[in-house]
Amino acid sequence: MRSEAAPQLGGVERFASAGKGRGLRARRRFAVGELLFSCPAYAAVLTVSERGSHCDGCFARKEGLSKCGRCKQAFYCNVECQKEDWPMHKLECASMCTFGQNWHPSETVRLTARILAKQKIHPERTQSEKLLAVKEFESHLDKLDNEKRELIQNDIAALHHFYSKHLDYPDNAALVVLFAQVNCNGFTIEDEELSHLGSAIFPDVALMNHSCCPNVIVTYKGTLAEVRAVREIEPGEEIFSSYIDLLYPTEDRNDRLRDSYFFSCDCRECVTKEKDKEKLEICKLNDPPSAETVKDMIKYARNVIEEFRRAKHYKYILCLTLTPLVELLEICELSLDKMGAVFEDSNVYMLHMMYQAMGVCLYVQDWEGALCYGQKIIRPYSKHYPSYSLNVASMWLKLGRLYMALKNRPAGVKALKRAIAIMEVAHGKDHPYISEIKKELEDH
């Protein structure tokens with residue numbers, strides 16, 4: 001029975017999920033593609049590399065944005081966007097002028113500064129906290145190792161260094177808790193090709209528990225998070241999103257969940273491990289590699305992937321010179337050669353390196369090279385990822401745009417239509433990204 005006191009939001013409600021703490025469940029049936037609820041960002045920050053192409057306030061992608069007259073580093077759609085963002089932007093405006101090129105707080109620090117400011121400006125519950133308040137966020141403080149605690153102290157030092165004029169700081173212990181909460185509950189906002197746009201806090205969205213077999217997907221319309229069904233959901237059913245990239249096998253996924261969120265997943269896929277064999281497909285040879293050889297190659301692949309993950313977002317590479325980019329492509333190719341002696345091309349570790357190599361090719365405008373990698377990636381992606389995956393949609397989209405750039409319109413149209421079919425479920429048919437892709441089809 002549902003408690004009358006359970007917080008509700010349209011067709012969903014907060015409840016006590018057995019073995020998982022609090023969670024979110026459906027109060028009615030939802031069809032595939034249906035919007036369950038939306039949540040405006042409690043606080044959001046645009047990544048520095050996207051300034052000038054996206055509005056710092058609403059994250060809209062536009063040409064001819066107007067820059068802040070003081071720092072000349074923040075850009076807005078219009079005066080309304082600028083005025084609305086000023087309580088947040090003023091935290092950084094004077095500081096950016098003072099520090100110049102030496103202004104470099106991390107995105108986590110920038111987001112946390114905005115949360116502190118928001119809590120002072122708006123101490124009462126906000127429209128983003130209908131089901132879960134920011135102050136209720138889990139911090140997992142007791143599970144933090146020394147390395148994570150040291151990283152938080154570095155963030156606190158940066159917060160004090162770059163933000164002093166407009167912030168009232170709580171004591172160090174409270175800041176440790178807040179940074180731990182942000183690390184566990186923050187969201188990355190991405191565009192239609194999964195390029196990093198910024199970071200945000202969406203409290204009501206954070207209420208959902210994780211599953212590697214999710215029944216909803218979270219997408220973004222500017223700084224608004226939208227949650228849509230990717231499977232039919234029945235009344236009383238718990239609503240699950242995915243916290244991580246679902247490409248990888250069970251052990252890798254749970255390593256990531258334990259490291260970032262301090263739990264292991266017990267969903268059907270993690271219990272049965274039914275997709276692991278396909279995800280770890282070995283070369284079909286007359287003399288197949290030994291179990292020890294396979295084990296060693298998996299270890300090698302995981303180490304290489306961890307090296308790339310340290311950069312966290314591909315945008316990090318854009319500040320490097322062309323020489324490191326060429327070296328990075330060589331590392332990808334050497335890794336593919338080495339792993340290819342044991343793994344099939346559809347093996348997820350091969351796909352990971354192909355994806356990295358494709359990203360480098362795109363940046364250096366080697367369209368043919370990027371297309372070659374994308375063509376090898378798309379079919380295994382479609383098999384390994386769940387239905388209506390943003391990763392699959394993004395790959396079809398990239399392929400479609402590459403085909404169009406290389407004057408292969410029939411293939412481009414087919415790929416873009418495949419992307420649209422997934423995105424209409426994940427993003428909703430009226431999303432601006434879909435309108436833009438349809439316009440691309442018309443213009444070609």
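The model is predicted, so local features need pLDDT of at least 70 and side-chain atom pairs count only at pLDDT 80 or more, while totals for chains, interfaces and linings use all residues. Residues are numbered from 1 along each chain as its sequence is written, and side-chain values use heavy atoms, with hydrogens and water left out. Helices (H or I, at least four residues) and strands (E, at least two) are DSSP runs numbered from the N terminus.

**Annotated spans**

- UniProt, in an unreviewed entry, lists "domain: SET" for residues 10–244; UniProt positions follow the numbering used here, feature names are shortened, and annotations may be inferred rather than shown by experiment.
- Residues 10–244 are 30% helix and 23% strand, with 27 Å between the end C-alpha atoms.
- The UniProt annotation "domain: MYND-type", also from an unreviewed entry, covers residues 55–93.
- For residues 55–93 the composition is 38% helix and 10% strand, and the end C-alpha atoms are 15 Å apart.

**Strand pairing**

- Strands of a sheet pair through backbone hydrogen bonds, in a parallel or antiparallel sense; here two strands count as paired if DSSP finds at least two bridges between them.
- Three strands form an open sheet in the order β1-β2-β3, with antiparallel pairing.
- Strand β2 (residues 12–17) is joined to β3 by six bridges in the antiparallel sense, and Ser17 stands opposite Gly21 in β3.
- Strand β12 (residues 224–229) is mostly covered, with five of its six residues buried; buried means under 20% relative accessible area, exposed over 50%, and partly exposed in between (1.4 Å probe, protein chains only).
- β12 runs antiparallel to strand β4 (residues 35–40), to which five bridges join it; Arg228 in β12 is the bridge partner of Leu35.
- β12 also pairs with strand β11 (residues 216–221), in the antiparallel sense and over six bridges. Here Ala229 in β12 is the bridge partner of Val216.
- The hairpin of β11 and β12 has two residues between the strands, and Gly222 takes a positive phi near 70° in this hairpin.
- Five bridges pair β8 with strand β9 (residues 196–201) in the antiparallel sense, and His196 in β9 is the bridge partner of Glu190.
- In the hairpin of β8 and β9, five residues lie between the strands, and Leu194 takes a positive phi near 65°.

**Second largest pocket**

- On a 1 Å grid over the protein atoms alone, a cavity is a set of points where a 1.4 Å probe fits but cannot get out, whereas a pocket is an open set with protein on both sides within 12 Å along at least five of seven lines; lining residues have an atom within 4 Å of a point.
- The second largest pocket holds about 480 Å³ of space, where grid points are joined across faces, edges and corners and a volume is the space filled by probe spheres set on the points.
- Its lining has 19 residues, of which Ala41, Gly57, Glu84, Asp85 and Thr223 lie nearest the centre.
- At least two lining residues each come from β5 (43–46), α1 (79–99) and α2 (107–121); α1 supplies the largest share, five residues.
- The lining comprises eleven nonpolar, three polar and five charged residues. Ala, Val, Leu, Ile, Met, Phe, Trp, Tyr, Cys and Pro count as nonpolar, Asp, Glu, Lys and Arg as charged, and the others, Gly among them, as polar.

**Selected residues**

- Arg110 is in helix α2 and is buried, at 1% relative accessible area.
- The side chains of Arg110 and Glu92 form a polar contact of 2.8 Å; such a contact is a pair of N or O atoms within 3.5 Å, where within protein one must be able to donate a hydrogen and the other to accept it, and residues adjacent in sequence count only if both atoms are side-chain atoms.
- Phe262, in the loop between α6 (250–261) and α7 (268–272), has a positive phi of about 65° although it is not a glycine. Phe262 counts as buried because its relative accessible area is 16%.
- Lys273, in the loop between α7 and α8 (276–279), is not a glycine but has a positive phi of about 55°. Lys273 is partly exposed, at 48% relative accessible area.
- Lys414 lies in helix α14 (residues 409–426) and counts as exposed, at 52% relative accessibility. Lys414 and Trp396 are 18 residues apart in sequence, with a C-alpha to C-alpha distance of 9.0 Å.
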